[in-house]
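Hi everyone, thanks for coming.

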Amino acid sequence: MVPRIIIGILLLLGLPNYGQELESRRVPSPGLELSHYTSPEPWSIFVLKINLQAPGITLKAAKANKNLFSLATTFAIAEFNHSPEEPVLAAINADFFHSSGMPTGGMASGGVVLKPPIHHSVFGLTADENPFIDIISLNSWLEHDSTQIQIDGYNTPRPEEQTIIYNSFFGRST
């Protein structure tokens, strides 16, 4: 059993000091601490602290129905990805998206690019699962023998003379 934390696409908000009061704090699972703050503005803010060193805690980016153009609530995405072998312990709504369901920022999940990054800060994990926040870029190409073909985009309409990669997140066919 590998517990997971589903992240739609992570938007990190700083918690400014505007008179928040801690309403509650609990540990829903080893490695997780959930705090609830309120303030007179009125704000109700939930903060989930994740200990990435805790046994069995992993992070995973997920898209509604595993489709780039799909919409669902955070709860529904967590339910869709939950299984007895890989239970979802928490879910975080973490990006803005267009009415089509397409995230506004870049997104990759399990090493698969859904949408390339734009020039904004992102939350991500390195290959050895160390978290980072940075502005990133993507330079990719196809290589066969000694020939390289620059990849111009992912899961987007193909302009003339450009190489676009489509994957299962785009749909059943292109």
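I'll start with the overall picture and then visit a few places along the chain.

First, some ground rules. This is a predicted model, in which local features need pLDDT of at least 70 and side-chain atom pairs count only at pLDDT 80 or more, while totals for chains, interfaces and linings use all residues. Residues are numbered from 1 along each chain as its sequence is written, and side-chain values use heavy atoms, with hydrogens and water left out.

Now the overview. The chain has one helix and 14 strands; helices (H or I, at least four residues) and strands (E, at least two) are DSSP runs, numbered from the N terminus. Of the 174 residues in the chain, 30% are buried. Buried means under 20% relative accessible area, exposed means over 50%, and partly exposed is in between, using a 1.4 Å probe and protein chains only. The chain exposes about 11500 Å², and carbon and sulfur atoms supply 54% of that area. Those accessible areas come from the Shrake-Rupley method with a 1.4 Å probe, and for residues only the protein chains shown count as cover. As for contacts, meaning heavy atoms within 4.5 Å, let's take those between residues at least 6 apart in sequence: 42% of them join residues at least 24 apart.

Let's go to the helix. Which residues of helix H1 are buried? In H1, residues 74–81, they are Ile77, Ala78 and Asn81. They cover an arc of only 100° around the axis, so they sit on the same side of H1. The arc is that of the directions from the helix axis to the C-beta atoms. On the other side of H1, you'll find Phe75 and Glu79 exposed.

Next, a pair of strands. E3 (residues 32–39) and E4 (residues 43–50) run antiparallel and are joined by eight bridges. Two strands pair if DSSP finds at least two bridges between them. E3 and E4 form a hairpin, with three residues between them, and leucine 34 stands opposite leucine 48 in E4.

Please find histidine 36 in E3. Is histidine 36 buried or exposed? Histidine 36 is buried, with a relative accessible area of 17%. The side chain of histidine 36 makes a polar contact with the side chain of serine 44, at 2.6 Å. A polar contact is a pair of N or O atoms within 3.5 Å; within protein, one must be able to donate a hydrogen and the other to accept it, and residues adjacent in sequence count only if both atoms are side-chain atoms. Not counting residues up to four places away in sequence, histidine 36 touches several residues, including Leu22, Ser44 and Ile45. Isoleucine 45, in E4, is buried too, with a relative accessible area of 19%. Isoleucine 45 and leucine 22 are 23 residues apart in sequence and 9.5 Å apart in space, C-alpha to C-alpha.

Strand E7 (residues 107–109) and strand E8 (residues 112–115) run antiparallel, with three bridges joining them. Alanine 108 stands opposite valine 113 in E8. Two residues lie between E7 and E8, and glycine 110 in the turn has a positive phi of about 60°.

Which residues form the largest nonpolar core? The five are Leu68, Met102, Met107, Leu114 and Phe169. Such a core is a set of buried Ala, Val, Leu, Ile, Met, Phe, Trp, Tyr and Cys residues joined through side-chain atoms within 4.5 Å. Leaving aside neighbours within four places in sequence, leucine 114 is in contact with a list of residues, among them Leu68, Tyr154, Asn155 and Phe169.

Last, two backbone details. Most residues other than glycine have a negative phi. Aspartate 145, in the loop between strand E11 (141–144) and strand E12 (147–150), has a positive phi of about 55° although it is not a glycine. Asparagine 155, in the loop between strand E13 (153–154) and strand E14 (164–165), also has a positive phi, near 50°. Aspartate 145 is exposed, with a relative accessible area of 68%, whereas asparagine 155 is buried, at 1%.
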